[in-house]
Amino acid sequence: MKIKRIAVLTSGGDSPGMNCAVRSVVRFAHWKGIEIFGVMHGYRGLISEEFIPLGPRDVSNIISRGGTILKAARCEEFYEKEGREKAYKNLISRNIDGLIVIGGDGSFHGALLLHQEFGFPVVGIPGTIDNDINGTQRTLGFDTALNTAMSAIDKIKDTATSMDRIFLIEVMGRLSSAIAVFSALAGGAEDVIIPGERTDLKNMIEKIEEGRKKGKKSWIIIVAEGAGKAEEFAREFRKYISDVRVTVIGHLQRGGGPSAFDRILGALMGQAAVQALLEGKHCHAIGWRNDDVIVYKLQEAIKPQDRGKISFYHQLIHILT
Ligand code: F6P
């Protein structure tokens, strides 16, 4: 089957670098003589027919912009087969031959179902700050979010040191520990609380009290949101230590212009996604492994993340103090 028309959408939580991938998809497809349509608001726009034709000039000056010009959404209707059927019919009625989905785990599940139920060609680009897609060492937006978290930690450290305080800093990442562990390392935090690891708060408190006796007065502990609310951990700490403060970095981590790495990753992944469709890879994901772009099965990408990677995060914690 010859691919003549492709649609591209961004879905789920936006991530820095999505625009770079859209730009690359549009420009590479145009160069290959393929018509491109952007779908606004992710799967929602696929159902409600929000298709817009895109040419090379429509993606000018978006490489440095955070968020996504195509908008992103989480779509309940697409969880139902009826919704997916509507989406499929809308694609077919426009003679679209392939769909590129830029999003996270949930968006990849949706793409897989569209392929399995209707045979529609799909390729996924992992766009999420969480770095939690199986089979790829990096997801688009993770590097930028990590740098945002690190800068926030640097700033909090200034005030923590000046006022001899303990800070718990909550970072995003759903059930993934990636932002938490790497920002803790990069920001020079003393400890990190992550999901799937029993947190020995008593031991942490003892370490802080010991440290204080020896003259170490301030302490930064990073909390992965999947491990629980930083405010709740702080309540436990306050039973023993006064002057504990909490910062939730929150959605700041999703915004901002993409880092150089995410811009390049978006460019490479966008091109690879179009190329994959052209080569008849119709149920695939694009990934990043050993400094190179890879194309692998979508089924592999939606599997739970490799245990090896998770235990790697756990090992890194021991470097902190
Ligand atoms: O998946 C990206 C992410 O930012 C997670 O880290 C976070 O748990 C979630 O999305 C927040 O979602 P929302 O923006 O819908 O509140």
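Where does the ligand lie relative to domain 1 and domain 2? In this predicted model, both domains give residues to the shell around the ligand, so the ligand lies between them.

The protein is divided into two domains. Domain 1 covers 5-141 + 258-304, and domain 2 covers 144-254. Their centres, taken over C-alpha atoms, are separated by 34 Å. The two domains are also in contact with each other. Domain 1 contributes 13 residues to this contact, and domain 2 contributes 10.

The ligand sits in the largest pocket. Around the ligand are Arg-74, Ile-129, Asp-130, Met-172, Gly-173, Arg-174, Glu-225, His-251 and Arg-254. By residue class, this shell holds five charged, two polar and two nonpolar residues.

For Asp-130, a polar side-chain atom lies 2.7 Å from an oxygen atom of the ligand. For His-251, the distance from a polar side-chain atom to a ligand oxygen is 2.8 Å. For Arg-74, the corresponding distance is 3.0 Å, again from a polar side-chain atom to an oxygen atom of the ligand. The ligand taken alone exposes 400 Å², and the protein buries 74% of that area.

Key. Residues numbered from 1 in each chain as written. Predicted model: local features only at pLDDT ≥ 70, side-chain atom pairs only at ≥ 80, totals over all residues. Heavy atoms only, no water. Near = heavy atom within 4 Å. Polar contact = N/O pair within 3.5 Å; in protein donor to acceptor, adjacent residues only side chain to side chain. Areas by Shrake-Rupley, 256 points an atom, 1.4 Å probe, with all protein chains shown as cover. 1 Å grid on protein atoms, 1.4 Å probe; cavity = no way out; pocket = protein on both sides within 12 Å on 5 of 7 lines; lining within 4 Å. Sits in = over half its atoms within 2 Å of the grid points. Nonpolar A, V, L, I, M, F, W, Y, C, P; charged D, E, K, R; others polar. Domains from an automatic or database assignment. Contact = heavy atoms within 4.5 Å.
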